[in-house]
Amino acid sequence: MAKGHKDKVAVITGAAGGIGQAFAKRLAEDGVHIAVVDLGDGSETVKMVEGAGRTAIAIRCDVSSEESVAAMTKAVQAKFDHVDIVVNCAGIFPQKVFGDMTFADWRKVLSINLDGTFLVTKAFVPGMQARKWGRVVNLASSTLGSVVTGFAHYVASKGGIVGFTRAAATDLAPFGITVNAIAPGLTRSPGTLARAPRPVFKTMDEEFESVAQMQAIKRVEVPEDLVGAVSFLTSDDSAFITGQTLNVDGGRVRS
Ligand SMILES: NC(=O)c1ccc[n+]([C@@H]2O[C@H](COP(=O)([O-])OP(=O)(O)OC[C@H]3O[C@@H](n4cnc5c(N)ncnc54)[C@H](O)[C@@H]3O)[C@@H](O)[C@H]2O)c1
């Protein structure tokens, strides 16, 4: 069990599947109770958390909507009397070459990936401030340090996440709250498996393998490769680390 995790409460967005679900499972194994927040059905994740002996609730929420986040916050507060940890994992990554990208495409990605991170963090920081302990973990991406096509909106949103992480860390440090980010590499998840490969590849498997060959550790990243980082960054052991973005990508991006 990670230091300081027992009976903490975490809100994890995007936790119905993929990386967010793996985070929920690991934090539950660490002793954390979980609010599973997602546009989709979080019941599978709830079962995993309960299987680890922790309490969980699934709440449907669109993190890009102020009203939806306000309703989700109320539902979390009705279930748990405090929230210690926020993991902002909800995100979308639709590819569009720049010439075809509309302002609506741009706004959609920015509103879910970046506005959503702001709104959910904002909702739970007051409680953390009152308790003088909090952990916020945001999801950046190795694409910020890579050559990828069709991702101007997505990479901009992840650049925003890194900036938000740094600045919020400064504002919230006096209250015992740390804010850090994890930057995954290309990870096999429902989201990446569902998308079309980039034009130079025939299948997603080809793209996964090609990216793996650019890593120091030459195998395809899976959500479980990221859970140790979220466990550490939400524990007492990381109390003196804030404003940082940790690359968890098999040693591909060096920054
Ligand atoms: N998989 C990768 O290769 C990779 C790489 C770098 C960063 N990331 C980041 O990790 C995070 C999770 O990625 P993933 O691969 O698990 O994705 P995924 O598509 O498998 O899962 C994302 C989850 O977010 C939810 N979601 C989407 N829009 C939402 C909204 N508006 N409100 C609430 N929930 C919403 C989806 O329903 C889904 O359950 C994202 O922020 C992504 O940008 C992923």
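Analyst: Helices (H or I, at least four residues) and strands (E, at least two) are DSSP runs, numbered from the N terminus. The model is a predicted one, in which local features need pLDDT of at least 70 and side-chain atom pairs pLDDT 80 or more, while totals for chains, interfaces and linings use all residues. Residues are numbered from 1 along each chain as its sequence is written, and side-chain values use heavy atoms, with hydrogens and water left out.

User: In which loop does Ser142 lie, and is it buried or exposed?
Analyst: Ser142 belongs to the loop that runs between S5 and H5. Buried means under 20% relative accessible area, exposed over 50%, and partly exposed in between (1.4 Å probe, protein chains only). Because its relative accessibility is 3%, Ser142 counts as buried.

User: Is Gly145 buried or exposed?
Analyst: Gly145 is found in the loop between strand S5 (134–139) and H5. The relative accessible area of Gly145 is 53%, and therefore this residue is exposed.

User: How many Å separate Gly145 and Asp7 in space, and where is Asp7 found?
Analyst: Gly145 and Asp7 are 138 residues apart in sequence, and from C-alpha to C-alpha they are 37 Å apart in space. With a relative accessible area of 37%, Asp7 is partly exposed. As for its place in the chain, Asp7 is found in the segment before strand S1 (9–13).

User: What is the phi of Asp7, and what is the phi of Lys132?
Analyst: For Asp7, phi is near 65 degrees, which is a positive value in a residue other than glycine. Lys132 is found in the loop between helix H4 (103–131) and S5, and it is exposed, with a relative accessible area of 52%. Lys132 is again a residue other than glycine with a positive value, its phi being near 60 degrees.

User: Which residue has a backbone oxygen 2.9 Å from a polar atom of the side chain of Arg254?
Analyst: Arg254 is found in the segment after strand S7 (245–248), and because its relative accessibility is 67% it counts as exposed. A polar contact is a pair of N or O atoms within 3.5 Å; within protein, one must be able to donate a hydrogen and the other to accept it, and residues adjacent in sequence count only if both atoms are side-chain atoms. The backbone oxygen that lies 2.9 Å from a polar side-chain atom of Arg254 is that of Gly251.

User: How many residues surround the ligand, and which helix gives the largest share of the shell?
Analyst: A residue is near a molecule if one of its heavy atoms lies within 4 Å of it. The ligand is surrounded by 28 residues, the closest being Ile19, Asp38, Tyr154, Thr187 and Ser189. The largest share of this shell, 3 residues, comes from H6.

User: Which backbone atoms lie 2.7 Å and 2.9 Å from an oxygen atom of the ligand, and how much of the ligand does the protein bury?
Analyst: A backbone N or O atom of Thr187 lies 2.7 Å from an oxygen atom of the ligand, and a backbone N or O atom of Gly191 lies 2.9 Å from one. Accessible areas come from the Shrake-Rupley method with a 1.4 Å probe, and for residues only the protein chains shown count as cover. Taken alone, the ligand exposes 830 Å², and of that the protein buries 91%.

User: Where is Asp84 found, and how far is it from Phe124 in space?
Analyst: Asp84 is found in the loop between helix H3 (66–79) and strand S4 (85–88). At 1% relative accessibility, Asp84 counts as buried. Asp84 and Phe124 are 40 residues apart in sequence, and their C-alpha to C-alpha distance in space is 8.1 Å.
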